[in-house]
Amino acid sequence: MKDLIIKIENPVLDIKNLSISYNKGKYAVTNVNAGVKKNSVTAIMGPSGCGKSTLLRAINRMHELYPNIEVKGKIFLNNNDIFLMSSIEIRRKIGMVFQRPNPFPTMSIYDNVIAGYKLNGIRLKKNKKDEIVEKSLKDVVLWNEVKNSLKKKGTFLSGGQQQRLCIARALAFKPDVILLDEPTSALDPIATKKVEQLLIKLKENYTILLVTHNMSQAARMSDYSMFMYLGELVEYGKTKKLFINPVDKRTEEYLTGKFS
Amino acid sequence: MERVIKDKIFKGFVILFAFITISPIIMIIYKLVIKGYRQININFFMQNAPDTYEAMIALNAGKIIPGGILNGITGTLFMVIIASTIAIPIGLLIGVFLYENKNKFYANIVRDITDILQGVPSIVLGLIAYFWVVKSITNGFSALAGSVALAIMMMPLIIRSTEETLKMIPETIKEAGFALGVPYHKIILRILIPTSFSGLLTGSLLAISRIIGETAPLMLTALGSSIVNLNIEKPTSAVPLLIWEFYNDPNMVDLVWSSSLFLMGFVLFLNILSKSLNGECRM
């Protein structure tokens, strides 16, 4: 059993005995224990309904939006319990990007990037703001495409550009960890490739945790992979090892396409 | 071949019924324009309603009736503005409340009461405003009383349109704000309301276009006035009240048509404006 889940030394994120239920007694995620390595891309994969998004959304306490969801267990970010931090602090340190690009439709590209500061009432000087916007947009390789139209609405961009804008919005806070919930499932192949290349580049400075139901995407870009099935973390290890030599039978069946 | 004939018959019926449906509005506008256009000139918008003696002299001389409906137009706008000031903020807040508490017991009660309020006959609302405002606050017929009656009529429309508009915003926009650590009240004020602004504006414009032609509640509250009044404690005229007064005066029948034409045109303008706003900004 001990080979199934890899032990990560000095994890950025440490998930301990995490269980999540939507209805009382019915668990969508059961007893997950896992660490996430700093400056790496970790993919969470598994069939639909296996609890991968639910797990991801627990990490920046997104579930607090819905009062009937119950979260048990602990999550540590650099050894600090995230459930004891303030919600603004936790979300500054753990950014999130969603399945569908969701820039704020009333805001310009510029305002979308610094939306986190603006909406939280953090006042910045104009040149500081410009600096953050430029840096974040350069990080997501969007700067050259939009630098002359920063005042245009974010929704005028193409889907792939919007998604990169959303990543820039998450980067503006300089988070430790970025969570991505199937970030390319609404994008075309070219836009997907751009986002993937971008994420691989971003891991130099950030830790990336990615949910995907696309196995080849996980194989292409992740360093570590988790396989979840029916709410359980079945197997977790280095991506190469997991894909070439899975230990658990269910992982093997999933990877060979017996079910998806 | 039979298939083609069936298709043609069906198409014919669809066109026929579509025409039957729109024909009343065409006939209404046609009648109003034919009967009312002669009175519409610059004086119509710049002068108060004439008295019956002036009208009679003009009629006997074969001229058009002098004067206009300035007192009605200003009164209507005045009362609509006060009613909107009362009804829009309250309706908006209740709408947000209903959206945020979708299936809670208390919210369901509020929603049902809103629906009932929408069905209350307007003359009853006029009576209520009479007792609330005319008898106890302004001690006489007043613009304020008329505005209160109109505001009560507007409120359910604004509440429901606010709730429906907010429902159309994708949940992901809310989550985007939440993922940035934005507190809940700021998500509502800075993200949801600006995003649905065009919808909220449309709802308010439609509510205004619904109350602008109300006559019955105004008879019991604003009463009417022969001069321009902009004092909320004084009786005030309104376009539909003037139409009623013109109708009761045999010398001023021509003005009934032109005032109706004006009112109809204004309501039509508001409706088209709100439709185009909604179409332009819908996500």
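Two strands are counted as paired if DSSP finds at least two bridges between them. The views below show a predicted model, which scores ipTM 0.85 and pTM 0.82.

**View 1. Strand 4 and strand 5 of chain A form an antiparallel pair joined by two bridges.** Strand 4 spans residues 70–77, and strand 5 covers 80–81. Across this pairing, Phe76(A) has Asp81(A) of strand 5 as its bridge partner. Two residues lie between the strands of the hairpin, where Asn78(A) adopts a positive phi near 45 degrees.

**View 2. An open, antiparallel sheet of chain A consists of four strands in the order 2-1-4-5.** Strand 2 (26–36) and strand 5 of chain A are the edge strands; each has a single partner strand, so one side of each has no neighbour in the sheet. Helix 1 of chain A, residues 52–59, packs on this sheet and touches strand 1 (13–23), strand 2 and strand 4. The directions of helix 1 and strand 1 of chain A make an angle of about 120 degrees. Within the sheet, seven bridges connect strand 1 of chain A with strand 4 of chain A in the antiparallel sense. One residue pair in view is Asp14(A) with its bridge partner in strand 4, Phe76(A).

**View 3. A second open sheet of chain A contains six strands in the order 6-7-8-3-9-10, with mixed pairing.** Its edges are formed by strand 6 (94–97) and strand 10 (232–238) of chain A, each with a single partner strand, so one side of each is left without a neighbour in the sheet. Neighbouring strands are turned against each other by 15 degrees on average, direction ignored.

**View 4. Strand 3 and strand 9 of chain A run parallel and are joined by four bridges.** Strand 3 comprises residues 41–45, and strand 9 comprises residues 224–229. Met45(A) is placed opposite Phe227(A) of strand 9. Helix 1 of chain A lies across strand 3, strand 6, strand 7 (177–181), strand 8 (207–211) and strand 9 of chain A. Its direction is at about 150 degrees to strand 7 of chain A. Helix 7 of chain A also packs on the sheet, where it touches strand 6 and strand 7. The angle between the directions of helix 7 and strand 6 of chain A is about 170 degrees.

**View 5. The largest nonpolar core has 101 residues.** Leu13(A), Leu77(A), Phe104(A), Leu137(A) and Ile167(A) have the most contacts inside this core. Helix 7 of chain A, residues 159–171, gives the most to the core, with six residues. Leaving aside residues up to four places away in sequence, Phe104(A) touches Asn112(A), Ala115(A), Leu119(A) and Arg169(A), together with Ile173(B), Ala176(B), Gly177(B), Leu180(B) and Ile191(B) of chain B. A second, separate core of 46 residues includes Phe44(B), Ile158(B), Ile212(B) and Leu270(B).

**View 6. Ile116(B) lies in helix 5 of chain B, which spans residues 105–119.** Ile116(B) has a relative accessible area of 59% and is therefore exposed, the cut-off for that class being over 50%. Its C-alpha atom is separated by 35 Å from that of Val228(B), a residue 112 positions away along the chain. For chain B, the mean pLDDT is 92, and 98% of the residues reach 70 or more.

Definitions and conventions: Residues are numbered from 1 along each chain as its sequence is written. Chains are lettered from A and ligands numbered from 1 in the order in which they are written. This is a predicted model: local features need pLDDT of at least 70, side-chain atom pairs count only at pLDDT 80 or more; totals for chains, interfaces and linings use all residues. Side-chain values use heavy atoms; hydrogens and water are left out. Contact means heavy atoms within 4.5 Å. Axes are lines fitted to C-alpha atoms, for helices over the stretch in contact, and angles run from 0 to 180 degrees between N-to-C directions. pLDDT is the predictor's confidence in each residue, from 0 to 100. A nonpolar core is a set of buried Ala, Val, Leu, Ile, Met, Phe, Trp, Tyr and Cys residues joined through side-chain atoms within 4.5 Å. Buried means under 20% relative accessible area, exposed over 50%, partly exposed in between (1.4 Å probe, protein chains only).
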